[in-house]
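Hi,

Here is the structure I said I would pass on. Have a look at it first, and then read on for what I found.

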Amino acid sequence: MRYIQGTDLKVDTETAVALGKFDGMHLGHQDLLREMRVLRREGIRSVVFTFGVSPYALLKGAKKFLLMTNKEKEVYCEEAGVDLLVEYPFTDEVCHMAPEDFIRKVLVEELHARYVIVGSDFCFGYQRRGNVALLREYEKKYGYETRVLEKRTDGDGREISSTYVRERLLKGDMEEVSKLLGRPYEASGPIVHGRQLGRTFGLPTINLAPEEDKLLPPKGVYVSRVRLDNRVYGGVTNIGVKPTVSAEGTMGLETFLFDFEREVYGEIVRVELLSFIRPERKFASLAELEAEIRRNSRTAQDWLKEKFSH
């Protein structure tokens, strides 16, 4: 898969292009990708097209609310069989581009779009004047076909969106987040050195320093699974600053893995956050902390056994 962050696309075949924000790759996004794969065949390549975060949004701190880092999105698209992932820079020129200019210059001349796949509420172009009706209006002129998918809804009829996912995530409702995503919410990156305090308890842990722009659920302890070296391990993860043992206040994810004792510093790990156990808190002693870790581990093991042993 090619991953392009810029405007130099250099596409030389016809494409099926899915347009959207694609933050989180929730069930609605997956519908677009599924339609795109149906249209993909010999001579037609699949393209996921999204915009980078706008300068205005960056000023408002939007980058710190991403459900997926760029690397996580790249990995997801590659695993989904996407041919090309485009993150088009949201420059001032792009911001002021007329909708027809976007269709002609980007979709037709640069991406050679044969099919354009969007959600029913998709808008684009200057002041969001472009929409589904406009895409369909220019189909014959520019030689593409528009495929429009209705919004996916949850069991209560609410539309599934990245905003909805963030809302549940910030409440720590990881089971509901998993339903909206169609998979567990995860944080990924290289394993870094920690204080190695868990070794003194006989409970060695792995530490992940999340990227700055990654949105995390509330500080606390979570049932987790860890994907490492093409294997899956059960675990219990603390998100926070570890107030009992550290005064640094640095956010991180520390995970105790069941039945795991290997040196894995520097390796890429994917930590799936499955269920909230308790908020982060400071303990009076290391002995109390150790006892709590063991209690949380039993809780996590019971949860995983109930969910995945059938």
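Let me start with helix 9, where the buried residues are Met-174, Glu-176, Val-177, Ser-178, Leu-180 and Leu-181. Keep in mind that this is a predicted model. Helix 9 is mostly covered, with six of its eight residues buried. What do those buried residues pack against? The partners are helix 1 (27-39), helix 8, strand 7 (185-192), strand 9 (220-228) and strand 12 (268-279).

Helix 8 (residues 162-169) and helix 9 (residues 174-181) have their axes 8 Å apart and pack at an angle of about 160°. That angle makes helix 8 roughly antiparallel to helix 9, because anything over 145 degrees counts as roughly antiparallel. The crossing of helix 8 past helix 9 is left-handed. On the helix 8 side, the contact is made by Tyr-164, Val-165, Arg-168 and Leu-169, and on the helix 9 side by Met-174, Glu-176, Val-177, Leu-180 and Leu-181. Sorted by class, this contact between helix 8 and helix 9 has seven nonpolar residues, two charged ones and no polar ones.

Now for the protein as a whole. Its secondary structure comes to eleven helices and twelve strands. The C-alpha trace spans about 75 × 45 × 40 Å along its principal axes. There are 310 residues in the protein, and 49% of them are buried. If you take the contacts with a separation of 6 or more, 74% are between residues 24 or more positions apart.

One more helix to look at is helix 11 (residues 286-308). Its 23 residues reach 32 Å from the first C-alpha to the last, close to the 33 Å expected at 1.5 Å a residue. Which residues of helix 11 are buried? They are Leu-289, Glu-292, Asn-296, Ser-297, Ala-300, Trp-303 and Leu-304.

Glu-272 lies in strand 12, one of the elements that the buried residues of helix 9 pack against. Is Glu-272 buried or exposed? Its relative accessible area is 3%, so Glu-272 is buried. Setting aside neighbours within four places in sequence, Glu-272 is in contact with Pro-184, Tyr-185, Glu-186, Val-223, Ser-224, Arg-225 and Arg-227. Arg-147 is another matter: Glu-272 and Arg-147 are 125 residues apart along the chain, and their C-alpha atoms are separated by 33 Å.

Met-68 sits in the loop between helix 2 (55-59) and helix 3 (70-79). Met-68 counts as buried because its relative accessibility is 7%, and the cut-off for buried is under 20%. Leaving out neighbours within four places in sequence, the residues in contact with Met-68 are Asp-23, Gly-24, Met-25, Lys-73, Tyr-76, Arg-183 and Lys-214. From Met-68 to Tyr-185 it is 117 residues in sequence, yet 9.4 Å in space from C-alpha to C-alpha.

Met-25, one of the contacts of Met-68, is worth a look too. Met-25 is in the loop between strand 2 (14-19) and helix 1, and has a positive phi of about 50° although it is not a glycine. With a relative accessible area of 0%, Met-25 is buried.

Asn-230 also has a positive phi without being a glycine, at about 60°. You will find Asn-230 in the loop between strand 9 and strand 10 (231-240). Asn-230 counts as exposed, because its relative accessibility is 86%.

Not counting residues up to four places away in sequence, Lys-151 touches Ser-120, Asp-121, Glu-159 and Ile-160. The C-alpha atoms of Lys-151 and Trp-303 are separated by 32 Å, and the two residues are 152 apart along the chain. Trp-303 is one of the buried residues of helix 11.

Cheers

Definitions and conventions: Residues numbered from 1 in each chain as written. Predicted model: local features only at pLDDT ≥ 70, side-chain atom pairs only at ≥ 80, totals over all residues. Heavy atoms only, no water. Helix = DSSP H or I, 4+ residues; strand = E, 2+ residues; numbered from the N terminus. Buried < 20%, exposed > 50% of the residue type's maximum accessible area, 1.4 Å probe, protein only. Contact = heavy atoms within 4.5 Å. Expected span 1.5 Å × (residues − 1). Axes fitted to C-alpha atoms, helices over the stretch in contact; angles between N-to-C directions. Parallel < 35°, antiparallel > 145°, perpendicular 65-115°, else oblique. Left-handed = near helix turned anticlockwise from the far one by under 90°. Nonpolar A, V, L, I, M, F, W, Y, C, P; charged D, E, K, R; others polar.
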